[in-house]
Amino acid sequence: MSGVPRIARVTRGREWPGGNGFGISVMIGTAYVVAIGAVALTTGLLYHATVYGNLAPQEFVDVAILVAALFLLPAIYRNDLWPHVWLGRGRRRLTRVTIDWVRAFALLLAIGFLTKTSAQYSRAWLVLFFLVGLVALVVLEAALVWGLRAAYRNGRIAPRRIAVIGPGSAVEEFKKRFAESPGLALVAGWTIDDNLLAATRNAACADVARANLDTLLASIREEARQRGVSDIVVLVDSSCDEFIDTAVEAFGLMPVSVHLDAAGLLERFGEIRLERIGPIAVLGLTVQPLGPLQALGKRAFDLVFAGMAVVLLAPLMLLIAIVVKLDSRGPVLFRQRRLGYNQREFKILKFRTMSTLDDGDTIEQARRNDPRVTRVGAFLRRWNLDELPQLFNVLAGDMSIVGPRPHAVAHDRQFEKRVLAYPRRANVMPGITGWAQVNGFRGETDTDDKLRSRVEHDLYYIDNWSLGLDVYIVLLTVLSPKSYRNAA
């Protein structure tokens, strides 16, 4: 392996869950809306004051809102507002903004004609608004480009962090092609020995080569976590089938996008997409589990639900705390290390239900009729009431209302050896409740079949997430008898 120097400083930049640069894209969209609104209002007031001698701003505001929406919606649909895409357009930027502006006004005129409302607005002002608005948007584009480039150079904004893996010659060639791109940083480059690649294609050496490759990719995966990599580009041709499959499997255990700098794999991966990362064309093999807007919607749901629940359930939680304290010696709250999003460690909060506070390298799983469970604890566990303090984990951003249930770190280390895909559960935030729990897969996982069934349900949730599914799971958590089954 060999490290690649960063081509953009990353010191104080902010990374966003679900995709780096979400805040920047919001800023770009907001700047467009403000600019369009300012131009509409200014030209409208000046026109009315000059021609009619009065001010009538409301109609200009209405048109500005509609035009801004018509202008922005196509860009949002194309994901053009993402900084790595937006800054990478180069000379096409002015062409794109002109086309979108003309399209927005064409749609405005069509809407005005169909609704018979165009007569309410001055045609001369609309022409003035169109011309001044186009000039303003071109100036705004130049100002934003200058500002964002400066922010990336100064390290105030975290660029999209790219890593590359492949033969040494291919890695060096990629570095030359990549060059310095605004909004992107090549943070790591890992070389794979040509002999190892050849061995993976040799049936006689395949098993040994696969074992060596698994070990190497595991260490690379951990380094990628530490470096905060968001995209990994695999640089091999389609003849290295075994290596490609192994790499996708290994990096699929992280919340990153995996790309192949080659073609010819459409039959193997059904969700393959042709994408651009700045100046580089790649084939997208996997995507992050939640897109930026999805992550924002899920987080908003979590904050609203958890905030309301804390307020409404505060008297009940206070009562439980008093009863726990009176029932047995020890703290009211139980804290234990768990692995959250992207296997980042955090302290989970629960009402104490046992006489022990285990949090070491070896932890005995709770089981049915466990003698360590207190009298009050048994009741709390039976009705899931011991989980209520995790609402504060949700508010703190360590957990979600719905997601794969986090296990003790010691148990995670055991489970990932028993089920290969187990670490993929950490590709989304862990939840207070989850799809596995409402389907009865909770409690002790003393057999591989039980653990495998739980993991399969968790991965189904990750692959089929929607806000509607979250709401459905919350309702099942309260109403379905399966949610209370197998409580230990």
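**Close-up A.** The lining of the second largest pocket consists of 23 nonpolar, 13 polar and 13 charged residues. Nonpolar covers Ala, Val, Leu, Ile, Met, Phe, Trp, Tyr, Cys and Pro, charged covers Asp, Glu, Lys and Arg, and polar covers the others, including Gly. The model is a predicted one, in which local features need pLDDT of at least 70 and side-chain atom pairs count only at pLDDT 80 or more, while totals for chains, interfaces and linings use all residues. Residues are numbered from 1 along each chain as its sequence is written, and side-chain values use heavy atoms, with hydrogens and water left out. The space in the second largest pocket is about 1,200 Å³. Lys350, Asp386, Glu387, Arg405 and Arg442 are the closest to its centre among the 49 lining residues. Pockets are found on a 1 Å grid over the protein atoms alone, as open sets of points with protein on both sides within 12 Å along at least five of seven lines; a cavity is a set where a 1.4 Å probe fits but cannot get out, and lining residues have an atom within 4 Å of a point. Points are joined across faces, edges and corners, and the volume is the space filled by probe spheres set on them.

**Close-up B.** Helix 10 supplies four residues to the lining of the second largest pocket, the most of any contributor. At least two lining residues come from each of helix 10 (292-327), strand 7 (333-339), strand 8 (345-351), strand 10 (431-433), helix 14 (435-438) and helix 16 (467-479). Helices (H or I, at least four residues) and strands (E, at least two) are DSSP runs, numbered from the N terminus. The protein has 16 helices and ten strands.

**Close-up C.** The largest cavity holds about 140 Å³ of space. Two cavities of 30 Å³ or more are present in the structure. Sixteen residues line the largest cavity, with Leu339, Asp412, Tyr422, Arg425 and Ala426 nearest its centre. By class, this lining has nine nonpolar, three polar and four charged residues.

**Close-up D.** Helix 13 (residues 409-418) has Val409, Ala410, His411, Asp412 and Phe415 as its buried residues. Buried means under 20% relative accessible area, exposed over 50%, and partly exposed in between (1.4 Å probe, protein chains only). The buried residues of helix 13 pack against strand 7, strand 8 and helix 15 (448-463). Contact here means heavy atoms within 4.5 Å. Over the whole protein, 49% of the 488 residues are buried. Of the contacts with a separation of 6 or more, 74% are between residues 24 or more positions apart.

**Close-up E.** Ring pairs join Trp101, Phe105, Phe129 and Phe130 into a cluster. Rings of Phe, Tyr and Trp (its six-membered ring) pair if their centres lie within 6.5 Å; planes under 30 degrees apart count as stacked, over 60 as edge-to-face and the rest as tilted. The count of aromatic pairs under this rule is nine. Trp101 and Phe129 are both buried. Phe105 and Phe129 are also an edge-to-face pair, at 5.5 Å centre to centre and 65° between the planes. Phe105 in helix 4 and Phe129 in helix 5 are 24 residues apart, and their pair too links distant parts of the chain. The relative accessible area is 7% for Phe105 and 0% for Phe129.

**Close-up F.** Phe174 is in helix 6 (residues 168-178) and is buried, at 1% relative accessibility. Beyond its neighbours within four places in sequence, Phe174 contacts Val164, Leu186, Val233, Leu235, Asp261 and Ile280. Phe174 and Ile280 are 106 residues apart along the chain, with 8.9 Å between their C-alpha atoms.

**Close-up G.** Asn384, a residue other than glycine, has a positive phi near 65°. Asn384 lies in the loop between helix 11 (375-382) and helix 12 (390-396), and is buried at a relative accessible area of 17%. Gln343, which is not a glycine, has a positive phi of about 60°. The loop between strand 7 and strand 8 contains Gln343.
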